[in-house]
Amino acid sequence: MPIIIVVEPHPLLRLGILQLLSACLPDSHAKGIDYSALSEVHAEDQGCELLMLSIPSFEDIQKLTAAASHAYDPKSILLLSESSSMPDWVHNCPPTVAGYVPKNAAPEVLQASVKLVLAGGTCFPLRSSPSAAEKQPQPATLVQHLEPISWPDAGAAATVANTPASECEKLGLTPRQYEVLVLLARGYPMKTVGRLLNISVATAKAHTEMLYQRLDVHSRNAAVYVAVSRGATLGWPNIKTAKQQAALS
């Protein structure tokens, strides 16, 4: 039974995260605490599988991750913040920091991120300082808007097997539908999906409806689950095996 510690100062948000974890990981043991609990060592929860750490600002990351590691010695840390992006230097955090999720992300994105980290993967959002070229509106590709994919150490075959083109074929989606699904999996609202792909909101909605039909689902959450259960990585880096996520659901 995996132990998950949720460090969140706001009681209602903390309760909401715990309820979400209970729904998607019924066999886990989730515990919510405030920052005050980080000043002590908790032997009963030492070595917990995952610690979800709310950070009030990027400047607090080093201090809070150090305190969390001392108190709980977690195998992995998943950062939670108000910001939808993170500066480049945050990628140089201790290796236990396996991901970063905005608090305004859709529930299914948070669920997928937790499962991904528990399966041994990492998930990080867009970098917060795009180049001037990246800021220009243009027909988008996944490479332009998502973190570079770092594949598992399983040789070139693994890389070929999980390219966007192969995943399109695996899921029965067009390249554009796949791009829409990847952005939906990251919690972006339809307006943002349209802006990132340089298409109208109506067109983004049409692609979404079509990919739902092809995956035989009726919601974003179900679409992400089906895609992952079929072995798709949806652009997340360092996924050792996406099928492990389906086994955790």
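1. Start with Ser28. Ser28 is buried, at a relative accessible area of 14%; buried means under 20% relative accessible area, exposed over 50% and partly exposed in between, with a 1.4 Å probe and protein chains only. Ser28 sits in the loop between α1 and β2. Helices (H or I, at least four residues) and strands (E, at least two) are DSSP runs, numbered from the N terminus.

2. A note on the source. This is a predicted model, in which local features need pLDDT of at least 70 and side-chain atom pairs count only at pLDDT 80 or more, while totals for chains, interfaces and linings use all residues. Residues are numbered from 1 along each chain as its sequence is written, and side-chain values use heavy atoms, with hydrogens and water left out.

3. What does Ser28 contact, leaving aside its neighbours within four places in sequence? The residues are Met1, Pro2, Ile4 and Leu21, where contact means heavy atoms within 4.5 Å. A polar atom of the Ser28 side chain also lies 2.7 Å from the backbone oxygen of Leu25.

4. Now the strands on either side of α1. β1 (residues 3-7) and β2 (residues 29-33) run parallel and are joined by five bridges. Ile3 has His29 in β2 as its bridge partner. From β1 the chain passes through helix α1 (residues 11-24) to β2, a right-handed β-α-β crossover. Right-handed means that, with the strands pointing away from the viewer, the path from the first strand over the helix to the second runs clockwise.

5. The whole sheet is open and has five strands, in the order β2-β1-β3-β4-β5, with parallel pairing. Two strands pair if DSSP finds at least two bridges between them. β2 and β5 (97-102) are the edge strands. The twist averages 20° from one strand to the next.

6. Two helices to check against the sheet. α1 packs on it, touching β1, β2, β3 (50-54) and β4 (76-81). The direction of α1 makes about 175° with that of β2. Helix α2 (residues 61-72) also packs on the sheet and touches β1, β2, β3, β4 and β5.

7. Which residues touch the most other members of the largest nonpolar core? Of its 29 residues, they are Leu171, Leu181, Val193, Leu211, Leu215, Ala223 and Leu234. A nonpolar core is a set of buried Ala, Val, Leu, Ile, Met, Phe, Trp, Tyr and Cys residues joined through side-chain atoms within 4.5 Å. α8 (175-185) gives the largest share of this core, seven residues. Apart from it lies another core of 21 residues, Phe124 among them.

Technical notes
Axes are lines fitted to C-alpha atoms, for helices over the stretch in contact, and angles run from 0 to 180 degrees between N-to-C directions. A polar contact is a pair of N or O atoms within 3.5 Å; within protein, one must be able to donate a hydrogen and the other to accept it, and residues adjacent in sequence count only if both atoms are side-chain atoms.
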